[in-house]
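Student: I have a new structure to read. Could you walk me through it, feature by feature?

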Amino acid sequence: MPIRTGRGDSGFTNLLSRQRIRKDSPDIRTIGDLDEACSYLGLVKVKLRALNEKEMIERIQHAVFVIASEIALGPAKRKKNHPLLDDRDGDWIESVIIELERKTDLKRCFHLPGGTE
């Protein structure tokens with residue numbers, strides 16, 4: 001099965017609502033950024049030893065997927081559907097951030113990627 005149609009896309013793609021949108025739109029860029037964040041979280045998850053930490057990362061990954069899905073619905077369908085995440089989810093994510101900041105000695109400097117794993 002070919003992976004290309006040969007028709008070209010003229011720089012547009014479809015949202016889940018079938019709405020056509022430019023590939024360089026803020027929504028599509030955000031979905032791509034969320035996908036990258038989820039990939040990085042997957043790398044972190046593989047390196048963790050503690051099961052509870054892996055479960056925490058997986059829960060965050062799930063939330064990231066849900067957020068990307070909400071964006072991919074498009075504005076019209078987002079208004080019709082109730083949000084898949086609620087304030088409790090946001091509160092949980094914020095509590096995780098606070099806990100991780102407390103556990104981590106954050107240095108006030110910039111590190112170049114590739115220096116260490």
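Student: Let me start with I60. Is I60 buried or exposed?

Tutor: Check the relative accessible area. This is a predicted model, and the values come from its atoms. Buried means under 20% relative accessible area. I60 has 16%, so I60 is buried.

Student: Which element holds I60?

Tutor: I60 is found in helix α2.

Student: What is I60 in contact with, beyond its neighbours within four places in sequence?

Tutor: Look for heavy atoms within 4.5 Å. By that test I60 is in contact with L41, W92 and V96. Take L41. In sequence, I60 and L41 are 19 residues apart. In space, their C-alpha atoms are 8.2 Å apart.

Student: Which other residues of α2 are buried?

Tutor: The buried residues of α2 include M56, I57, A63, V64 and V66. Further along, A68, I71 and L73 are also among them.

Student: Which residues of α1 are buried?

Tutor: They are L34, C38, L41, G42 and K45. Look down the axis of α1: these buried residues fall within an arc of 110°, so they line one face of the helix.

Student: Why would residues spaced like that point the same way?

Tutor: An α-helix has 3.6 residues a turn, so residues three or four places apart point the same way.

Student: What do the buried residues of α1 pack against?

Tutor: They pack against α2, residues 51–73.

Student: And which exposed residues sit on the face of α1 turned away from its buried side?

Tutor: That face carries P26, D33, Y40 and V46.

Student: Now charges. How many salt bridges are there?

Tutor: Look for a side-chain nitrogen of Lys or Arg within 4 Å of a carboxyl oxygen of Asp or Glu. The count comes to four. One of them joins E58 and K45, with the closest N and O atoms 3.2 Å apart. This pair links distant parts of the chain: E58 is in helix α2, K45 is in helix α1, and they are 13 residues apart. E58 has 48% relative accessibility, so E58 counts as partly exposed.

Student: What about K103 and E99?

Tutor: Their side chains meet in a salt bridge, 3.2 Å from N to O. K103 and E99 are four residues apart in helix α4, so about one helical turn separates them. E99 is partly exposed, at 31% relative accessible area.

Student: Which residue does R22 meet in a salt bridge?

Tutor: R22 meets D24, at 3.2 Å from N to O. Both partners are partly exposed: R22 has a relative accessible area of 41%, and D24 has 45%.

Student: Which ring face does R22 lie over?

Tutor: R22 lies over the face of F12, 5.2 Å from the ring centre. There is also R59: its charged end sits over the ring of W92, 3.9 Å from the centre.

Student: How many aromatic pairs are there?

Tutor: First, the idea. A pair of aromatic rings is described by the distance of the centres and the angle of the planes. For this count, the centres must lie within 6.5 Å. The count here comes to zero.

Student: What should I look for in the backbone?

Tutor: Most residues other than glycine have a negative phi. R18 is not a glycine, yet it has a positive phi of about 75°. R18 lies in the loop between β1 and β2. At 72% relative accessibility, R18 counts as exposed. Just after α2, G74 also takes a positive phi, of about 90°.

Student: Last, the whole protein. In what order do the elements run?

Tutor: From the N terminus they run β-β-α-α-α-α. That makes four helices and two strands. Of the 117 residues, 19% count as buried. Now take contacts with a separation of 6 or more: residues 24 or more positions apart account for 42% of them.

Conventions: Residues are numbered from 1 along each chain as its sequence is written. This is a predicted model: local features need pLDDT of at least 70, side-chain atom pairs count only at pLDDT 80 or more; totals for chains, interfaces and linings use all residues. Side-chain values use heavy atoms; hydrogens and water are left out. Buried means under 20% relative accessible area, exposed over 50%, partly exposed in between (1.4 Å probe, protein chains only). The arc is that of the directions from the helix axis to the C-beta atoms. Rings of Phe, Tyr and Trp (its six-membered ring) pair if their centres lie within 6.5 Å; planes under 30 degrees apart count as stacked, over 60 as edge-to-face and the rest as tilted. A charge sits over a ring if NZ of Lys or CZ of Arg is within 6 Å of the ring centre and within 35 degrees of the ring normal.
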